[in-house]
Amino acid sequence: MIKNKIAVCRAEKKWTQQKLADEIGVSRQTIMAMENYKYNPSLLLAFKVSKAFDKEITDIFEYVEEE
């Protein structure tokens, strides 16, 4: 499972889901799905998210092995 801190990063910047979606070229529904762990982003999309927040990809995304 890929966990993420997208909602936390958005709150730090005071961005809505729509603002982030517009920044990286996806739909708001994609952002919502990632935040709710219903969609794992592609590597390209993960890099776009990290660039939008000016953070390292590992500061936002974390791989957690399921038991």
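This is a predicted model: local features need pLDDT of at least 70, side-chain atom pairs count only at pLDDT 80 or more; totals for chains, interfaces and linings use all residues.
Helix 3 spans residues 28-35, and its buried residues are Thr30, Ile31, Ala33, Met34 and Glu35. The elements that cover these residues include strand 1 (2-4), helix 1 (6-13), helix 2 (17-24) and helix 4 (43-53). Just beyond the end of helix 3, Tyr37 adopts a positive phi of about 60°.

The largest nonpolar core contains 15 residues, of which Ile6, Leu20, Ile24, Ile31, Val49, Phe53 and Ile60 touch the most other members. At least two residues of this core come from each of helix 1, helix 2, helix 3 and helix 4. The largest contribution is that of helix 4, with 5 residues. In soluble globular proteins, nonpolar side chains tend to be buried together. With residues up to four places away in sequence left out, Ile6 is in contact with Leu20, Ile31, Met34, Glu35, Val49, Phe53, Ile60 and Phe61.

Two packed helices are described by the angle between their axes and the distance between the axes. For helix 1 and helix 3, the angle is about 120° and the axes are 9 Å apart; the two helices are therefore oblique to each other. Helix 1 contributes Ile6, Ala7 and Arg10 to the contact, and helix 3 contributes Ile31, Met34 and Glu35. By class, 4 of the residues in this contact are nonpolar and 2 are charged, with no polar residues.

A search of the whole structure identified 3 salt bridges. One of them joins the side chains of Arg10 and Glu35, with an N to O distance of 2.5 Å. This pair connects helix 1, which holds Arg10, to helix 3, which holds Glu35, across 25 residues of the chain. Arg10 and Glu35 are both buried.

A salt bridge is also formed between Lys55 and Glu12, whose closest N and O atoms are 3.4 Å apart. Because Lys55 lies in the loop between helix 4 and helix 5 (57-60) and Glu12 in helix 1, the pair ties together parts that are 43 residues apart in sequence. Lys55 is partly exposed, at a relative accessible area of 32%, whereas Glu12 is exposed, at 52%.

Glu23 and Lys19 also meet in a salt bridge through their side chains, at 2.7 Å from N to O. These two residues are 4 residues apart in helix 2, so about one helical turn separates Glu23 from Lys19. Glu23 is partly exposed, with a relative accessible area of 43%, and Lys19 is partly exposed, with a value of 34%.

Methods
Residues are numbered from 1 along each chain as its sequence is written. Side-chain values use heavy atoms; hydrogens and water are left out. Buried means under 20% relative accessible area, exposed over 50%, partly exposed in between (1.4 Å probe, protein chains only). Contact means heavy atoms within 4.5 Å. A nonpolar core is a set of buried Ala, Val, Leu, Ile, Met, Phe, Trp, Tyr and Cys residues joined through side-chain atoms within 4.5 Å. Axes are lines fitted to C-alpha atoms, for helices over the stretch in contact, and angles run from 0 to 180 degrees between N-to-C directions. Angles under 35 degrees count as roughly parallel, over 145 as roughly antiparallel, 65 to 115 as roughly perpendicular and the rest as oblique. Ala, Val, Leu, Ile, Met, Phe, Trp, Tyr, Cys and Pro count as nonpolar, Asp, Glu, Lys and Arg as charged, and the others, Gly among them, as polar. A salt bridge is a side-chain nitrogen of Lys or Arg within 4 Å of a carboxyl oxygen of Asp or Glu.
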